[in-house]
Amino acid sequence: MSPVKSPLILLHERDNILIVRRFIAEGEVIEIDGQSLTATSSVDVGHKLARFVLKKGQKVIRFGAPIGSISADVALGEHVHTHNMQSDYIPSHDRQAVKLDEVEHD
Amino acid sequence: MINGYLRQDGRKGIRNVIIVAYLVECAHHVARAIVTKADDPNVQLIGFPGCYPNAYALKMMQRLATHPNVGGALLVSLGCDGFNRSALGEAISDSGRPVETFVIQETGGTKKTVDAGLEAIGRLQAELVDTPRSLMDVSELVVGTICGGSDGTSGITANPAVGRCFDRLVYEGATCIFEETGELIGCEQVMASRATTPELAAEIEAAVDKAAAYYTTLGYGSFAPGNADGGLTTQEEKSLGAYSKSGDSPISGLIKPGDIPPQGGLYLMDVVPDGEVRFGFPNISDNAEIVEMMASGCHLTLFTTGRGSVVGSAISPVIKICANPETYERLSDDMDVNAGRIMSDGASVDEVGEEIYQRVIEVASGGHSISEALGHQEFILTYKSFEPIGPSCLPSR
């Protein structure tokens, strides 16, 4: 059974990712282009899911424009984020970019 | 029509602020004590912490102290600091604004300077009571936009809605400024295609190339961990979302912080320093961007946020537009506009753009923005260095 209101937004017809409109729980059944599948992880609002199977090296398209490249193969409906895609310009960083044991040398 | 404050230099403001400015960190406490004891929301603290002279800092302080929203100034120097306090004082005085300068080492220390400063505030307040009012058309407004705490919703809701608001303001003759070339990496070609001349297009592409090189040298993009928490994965993804704040109007010019746009239209601000990398990151936090917008004359700033920033600013009101419907639920007390309803309730981008436009008129007419009412008056200014803009950057001048 398909949900009344899709939790996913397609921003541009050329996009190969979909934007999450509301929290998706792990195990929830979602529908992508008429195909039902089960979410393999929970995903927060504003994050991206793969609209197709995506191969390493392939460009990720959002707003119809490239926003980076796939760094590890992605299954249909899988969460697309820093673990499987990267910038074509400047690497992204997280809160672990600087660690205390690196700044304390004594 | 907006009922503005007419300055002797002919500029019109939407607020009547007295700034208390420390000219080195060593004078910060004294300046803050004067502001705290004055207990008047229109007496506001700004300042520059460094002791070494810097042309950018002097230009920024001059532009801010003579901002249309500012009616008078109190300068606080320790005494041995390198800031050119006499040049700043003369520039403020030449603009027709009352100014008093206190040098802590000459006045006799903390207590005496705070007391003398408070008396000076009383004189400035008395003088500002008589500031002439003047009707202001929308075309006389200068409006900036920045985004802070962006997430995956920013580029879908709040940013395009601000773009619609900008389109209307520009259509009505106002001046609109968007910025952070480091957050436009990946958008250089589409942005250049909107420039009013091919020479300006080349300048815009060069400015983004400079930003990419600068951030690459520093080792981090203009990308915070919270951006990734909110679903943004790369710099260029964040850029495309940020870019939509600019709307669809032609780009009339490329300015640098402190340059005042010569006439109405949409302008891009190049905030990345020129020359070799020095003094660190271009803008160390969101308020540094707001300060540069104000230095170029912005009467108010439209601030879009997905994760949920709470900041405001000294001198110019900040209007907060929340992109993410879940963030809005938690932080609605800090937000002026809920653009998240585009995602949660199916509101149109045009509808929210119109709501932002109406909010701009309300706040320009004297209504308090939410951050203003909550007492937010953040301010930060650090070292930078710039070359003047090239002749192709302002084709209409």
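This report walks through chain B of a predicted model, from its domains to a helix pair and its side facing chain A.

## Two domains in chain B

Let's start with the overall layout. Where they touch, domain 1 of chain B supplies 18 residues and domain 2 of chain B supplies 14 residues.

On the domain 1 side, the elements giving two or more residues are β1 (2–6), β2 (12–13), β3 (17–22), β4 (43–47) and α2 (55–65) of chain B. Of these, α2(B) gives the most, with four residues. By class, this side of domain 1 has 10 nonpolar, five polar and three charged residues.

## A helix pair: α1 and α5

Next, have a look at helix α1 (residues 28–38) and helix α5 (residues 110–128) of chain B, whose axes are 9 Å apart and meet at an angle of about 45°. The crossing of α1(B) past α5(B) is right-handed.

From α1(B), the contact uses B:V30, B:A33, B:I34, B:K37 and B:A38, while α5(B) brings B:T110, B:T113, B:V114, B:G117, B:L118 and B:I121. Seven of the contact residues are nonpolar, three polar and one charged.

## Where chain B touches chain A

Finally, the chain pair: 27 residues of chain B are in contact with 26 residues of chain A. On the chain B side, α8 (198–218), α9 (225–229) and α10 (235–243) each give two or more residues, and α10(B) gives the most, with four residues. This side of chain B comprises 10 nonpolar, 13 polar and four charged residues.

Methods
Residues are numbered from 1 along each chain as its sequence is written. Chains are lettered from A and ligands numbered from 1 in the order in which they are written. This is a predicted model: local features need pLDDT of at least 70, side-chain atom pairs count only at pLDDT 80 or more; totals for chains, interfaces and linings use all residues. Two residues are in contact if their C-beta atoms, placed from the backbone, lie within 7 Å. Ala, Val, Leu, Ile, Met, Phe, Trp, Tyr, Cys and Pro count as nonpolar, Asp, Glu, Lys and Arg as charged, and the others, Gly among them, as polar. Axes are lines fitted to C-alpha atoms, for helices over the stretch in contact, and angles run from 0 to 180 degrees between N-to-C directions. A crossing is left-handed if the near helix is turned anticlockwise from the far one by less than a right angle, and right-handed if clockwise.
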